[in-house]
Amino acid sequence: MNSNYKKDDKKLIDLNLEVLGVRDKDVDSIVKETQNVTKMVFEQVFLVMLYTRQLMLHPKNGANVEARLKLINIVFSVEDSSNRSEISKVRSDILQMMEANKGSNDVVLELLLLKDKTRTDAINKILLSIQNAQIAFAPLDNIHGVEPDLKGIEKQYTYYEMYASLKYTMTIFQKFLNSPVYDEDTIRLAFFEKIKLKSNIEDFRDKREQWVSEYSLSDEKKKILNLLKKEHYAEVIKDYENLDKKIFIQGIRADIAIKLGAWANNIFSCIYDNKCSSIISYNPNIIRSNETKFFKVTNDKDHLQVTISIDRAPLEDIYKLNQLEQLMNSIKSALEASLKSRKQTYKDFVPEDMNHTELRDAQNLAYIEEQKEKRNETKINNEGALTILSEWYTENSIGLFRKRDQIPAAIVSIIDFDLYNPLSEVNKCLDDARRVQDAYNYSRQTKNQSKNLSKKSPIKERNELITYIVSLYLCLNAHNFGDFTYRIKNDERIASSSYNVLENPVMFLWSIFKTIGQPEWQHNRLYQKLDITFDEDKQNKMMYRFKKIPISLRNIESRRVKILSKDTTEDVLEVLVNFITNQPSTKPYPYNSSFPLPLRIRKK
């Protein structure tokens with residue numbers, strides 16, 4: 001959390017919270033809820049990743065899913081900057097065919113037909129790439145007259161979602177880690193910042209007194225000024241405002257929900273949105289509404305009939321999420337707005353004799369008011385969202401991540417599986433990892449010139465490469481690694497320098513880094529002093545950590561089943577599908593909030 005205050009300003013922060021009666025249990029409940037939301041977001045992402053890789057691991061289940069994903073990769077790798085709209089349409093058509101379970105011959109035929117209708121030469125490149133890669137797969141409804149397992153169990157995610165979970169693995173993990181850890185200190189700091197903001201919303205001086213010396217102020221205003229100077233903001237609020245502590249705490253929850261909602265949307269959109277940006281930062285103030293995805297309320301041209309249309313597939317999922325009542329409330333609000341509507345513009349609210357400048361000012365004012373109204377509506381919709389989503393996750397979790405510190409092993413399990421898969425982003429990180437590995441090898445050889453260095457085992461070498469990938473891509477928030485390799489080669493410590501890091505430090509235990517001191521914000525970026533000594537003791541600890549992967553999950557009989565392993569005899573895919581499809585959902589989901597819907601919900 002970017003702030004001028006630090007977590008070690010504990011005395012001042014505690015003093016302000018105590019004045020307003022904010023207790024430890026108030027803070028602890030928010031901490032627990034944010035942890036559950038964090039785990040929920042990761043679990044949804046991990047399920048897509050795991051489901052995709054299990055299909056690839058056992059081709060008999062996947063009905064040649066890997067070939068389908070390779071074809072999608074070709075279609076999305078070919079660019080045509082002069083005809084962006086044309087290539088976008090081609091991609092859309094191919095994705096529709098994939099979802100209809102067409103075969104590769106059907107796709108090639110469609111591309112040949114599109115070739116005559118479009119002006120882009122990208123189709124020739126796509127056709128040539130398909131031929132060179134020798135991609136071939138049958139339609140899923142006719143594989144030697146036998147219905148494939150994938151069809152029988154019903155595909156849980158779209159092919160693009162599966163492709164994106166493989167293609168953008170590291171980007172997704174980076175987006176996940178680019179959010180503050182909402183621990184006790186962070187929540188208390190959020191309370192303090194909110195108290196400070198509230199104390200300064202309305203200046204206690206009137207316009208006449210703005211330039212008057214403080215000695216000329218009334219005793220009452222001198223007292224307020226003195227409290228503000230001492231940063232006793234809570235005293236000002238308590239003495240001079242009618243503050244409801246419960247509403248204040250709900251306001252904090254809403255603020256956090258809006259920020260976490262923007263963060264979650266940034267991650268999920270990287271999986272389901274084929275126009276998603278790879279930039280890992282996000283806008284925490286984004287205004288997002290989910291209800292427009294499911295229904296429309298339209299008037300005919302004479303405003304004599306109102307039509308409500310609802311897409312059936314999402315409606316079924318809204319039912320599963322126990323959200324029909326909230327959906328009906330949203331439709332009710334839309335109907336009320338429809339009855340008042342006449343396609344009004346700002347001109348309907350201003351006199352006809354207004355001049356151009358007055359009209360423009362009125363338009364700007366109307367826009368500002370509209371944005372205020374949207375922000376207020378967003379705040380109201382998010383007041384209970386954190387608690388509701390936390391309760392929903394508690395009931396619907398598959399139980400993989402009871403603690404946040406179990407997440408790193410899951411991330412490393414995916415990286416380990418993807419290491420040499422050319423479709424995955426992980427594979428693209430290998431060159432940088434090898435440069436770091438070469439730098440360490442050079443340093444060791446220089447130190448031990450008179451000794452023969454023992455050859456590493458393939459397992460240790462693989463684990464080292466993964467450790468370097470985690471260090472470079474899931475700890476640092478910058479990709480200029482030349483400084484590291486130079487210092488490693490020359491056995492130089494880098495503790496004197498601070499490096500731009502991701503906000504969530506959970507992966508540092510799996511890295512070569514040792515953090516020194518507390519991180520600090522500089523120019524809206526988080527910097528941390530690091531030590532990169534990767535000695536024999538650290539290497540032994542690394543090997544011990546890797547014994548925890550790949551992780552396992554419990555099946556219906558509560559037996560442990562190892563995932564992402566060819567040696568597993570039990571059908572992990574079936575266990576996953578049972579988890580995804582058999583969730584009870586007696587608890588509601590915060591459907592109208594800033595949080596995105598679970599990734600297992602079908603998209604239109």
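Guide: Helices (H or I, at least four residues) and strands (E, at least two) are DSSP runs, numbered from the N terminus. You're looking at a predicted model, where local features need pLDDT of at least 70 and side-chain atom pairs count only at pLDDT 80 or more, while totals for chains, interfaces and linings use all residues. Residues are numbered from 1 along each chain as its sequence is written, and side-chain values use heavy atoms, leaving out hydrogens and water.

Visitor: What share of the chain's 604 residues is buried?

Guide: The chain has 25 helices and seven strands. Buried means under 20% relative accessible area, exposed means over 50%, and partly exposed is in between (1.4 Å probe, protein chains only). By that cut-off, the buried share of the 604 residues is 46%.

Visitor: Which residues have the most contacts inside the largest nonpolar core?

Guide: A nonpolar core is a set of buried Ala, Val, Leu, Ile, Met, Phe, Trp, Tyr and Cys residues joined through side-chain atoms within 4.5 Å. The largest one here has 148 residues, and helix α2 (residues 24-57) gives the most to it, with 16 residues. A contact means heavy atoms within 4.5 Å. Inside this core, the residues with the most contacts are F46 and F191.

Visitor: How far apart are the C-alpha atoms of A433 and I469?

Guide: A433 sits in helix α21 (residues 430-447), and its 0% relative accessibility is why it counts as buried. Leaving out residues up to four places away in sequence, A433 touches L465, Y468, I469 and L472. A433 and I469 are 36 residues apart along the chain, yet their C-alpha atoms are separated by 5.6 Å.

Visitor: Within what arc do the buried residues of α24 fall?

Guide: In helix α24 (residues 536-545), the buried residues are Q539, M542 and R545. An α-helix has 3.6 residues a turn, so residues three or four places apart point the same way. Exposed E536 and Y544 are on the face of α24 turned away from its buried side. The arc is that of the directions from the helix axis to the C-beta atoms, and the buried residues line one face of α24 because they fall within an arc of 115 degrees.

Visitor: Which residue forms a cis peptide bond with P550?

Guide: Most residues other than glycine have a negative phi, and most peptide bonds are trans. P550 lies in the loop between α24 and β6 (552-554). With omega at about -5 degrees, the cis bond joins P550 to I549.

Visitor: Is N101 buried or exposed?

Guide: N101 is in the loop between α5 (84-99) and α6. This residue has a positive phi of about 60 degrees although it is not a glycine. Its relative accessible area is 13%, so N101 is buried.

Visitor: And Q134, buried or exposed?

Guide: You'll find Q134 in the loop between α7 and α8 (149-153). Phi of Q134 is also positive, near 50 degrees, in a residue other than glycine. With a relative accessible area of 71%, Q134 is exposed.
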